[in-house]
Amino acid sequence: MHAIKVVPNIQNKHGDVIDNVFQTTYGALKVASLIGVKYGSKVGLSKGWAFILQPNPELWTLTLPHRTQIIYTPDISNIVFQLEIHPGSFVIESGTGSGSLTHALARRVQPNGTVKTFDFHEQRVQVAKQEFDDHGLSPVVQVSRRDVCQEGFGPEVEGKADAVFLDLPHPWMVVPHAVAAFKPQGGRFCSFSPCIEQVQRTCSALRGARFFEISTIECLQREILVASRTVSVASVDPDSKDETFNLDCTNYNPTMPGHTGYLTFATLPPVWSRNTSAVSEVDCEETVDNS
Ligand SMILES: C[S@@+](CC[C@H](N)C(=O)[O-])C[C@H]1O[C@@H](n2cnc3c(N)ncnc32)[C@H](O)[C@@H]1O
């Protein structure tokens, strides 16, 4: 599967304008021939054929250029559902990384919501911004360069967020900044971390900041294979033949996608029912080795 921008011409490395021809395993595709073709159509290639699919966040996650590790659709579905994001929501995300999750967040908050996404890596911010522009997401997604551990999310988003999502090495350091970003009525928090030690520190910071409903899950998909099998039963009577039966059998798929990360969710209650001064300094300070 390939993500292709359908423009008839491109520039080659010498700066000459040439026909946009995309090479696939099944032969060359003259990209201009796709203009006017309906999504779902099958098109011929010199050594086979291809389907033209309408882009969506799930397909983008499978084809995007990786600048970082990314979050995949099974985790993304849980994140969007558990953060209770809906059209009109104001969502804060850090880090932006390769923008895999951002695309799903953007689709969910459309048409009148906002995704503010932050990354401290200048080049990743620039590339992500270009992609959001190209994909028509600029009305709902704003990406900024910022070290959220050191600087928080900034005064312009303070008191505005319905949901905060973190995919960072030190999420516990950002918990007090997340508290400042939530609306007075509170909201939902999620952090994605590959290591259980990160989860422990984040949960500790969340407890210190008076979050409740703190829960951590690992999203593992276990496929069950259902198949019809022919079973033969030997006859005890030497004069009669063995019998065969068709049985519907089930079994676990012997291979399974493995660990991606832990998802820690929590709820921040409304401001009138919490005491934010209780955030533990020890819980939030940086003491681990970055490596
Ligand atoms: C694993 S990637 C995020 C991937 C993203 N969730 C996706 O699905 O494409 C983590 C990102 O966090 C950024 N990052 C790490 N520490 C940060 C900090 N203190 N402030 C802002 N961004 C940070 C990194 O530059 C990196 O791009």
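Modeller: What follows covers the pockets, the ligand and the cavity.

This is a predicted model, in which local features need pLDDT of at least 70 and side-chain atom pairs count only at pLDDT 80 or more, while totals for chains, interfaces and linings use all residues. Residues are numbered from 1 along each chain as its sequence is written, and side-chain values use heavy atoms, with hydrogens and water left out.

A pocket is an open set of points on a 1 Å grid over the protein atoms alone, with protein on both sides within 12 Å along at least five of seven lines; a cavity is a set where a 1.4 Å probe fits but cannot get out, and lining residues have an atom within 4 Å of a point. Points are joined across faces, edges and corners, and a volume is the space filled by probe spheres set on them.

The largest pocket holds about 1200 Å³ of space. It is lined by 32 residues, and His2, Ala3, Ile4, Leu53 and Pro55 are the closest to its centre. At least two lining residues come from each of β6 (48-51), α1 (57-63), α3 (100-109) and α4 (122-134), where helices (H or I, at least four residues) and strands (E, at least two) are DSSP runs numbered from the N terminus. With four residues, α1 gives the most to this lining. Domain 1 (9-54) and domain 2 (58-220 + 257-284) each supply at least three residues of the lining of the largest pocket; the bounds come from an automatic or database domain assignment.

The second largest pocket has about 830 Å³ of space. Its lining has 37 residues, of which Thr68, Gly95, Asp167, Leu168 and Pro169 are the closest to its centre. Two or more of the lining residues come from each of β7 (90-94), α3 and α5 (148-151).

Around the ligand there are 23 residues, the closest being Asp119, Arg124, Asp147, Val148 and Asp167; a residue counts if one of its heavy atoms lies within 4 Å. A backbone N or O atom of Ile71 is 3.1 Å from an oxygen atom of the ligand, and a polar backbone atom of Val148 is 3.1 Å from a ligand nitrogen atom. Of the 610 Å² of accessible area that the ligand has on its own, the protein covers 91%, by the Shrake-Rupley method with a 1.4 Å probe.

One cavity of 30 Å³ or more is counted. Pro57, Glu58, Thr61, Thr73, Ile76, Ser100 and Ala104 line the largest cavity, and α1 gives the most to that lining, with three residues.

Notes: A polar contact is a pair of N or O atoms within 3.5 Å; within protein, one must be able to donate a hydrogen and the other to accept it, and residues adjacent in sequence count only if both atoms are side-chain atoms.
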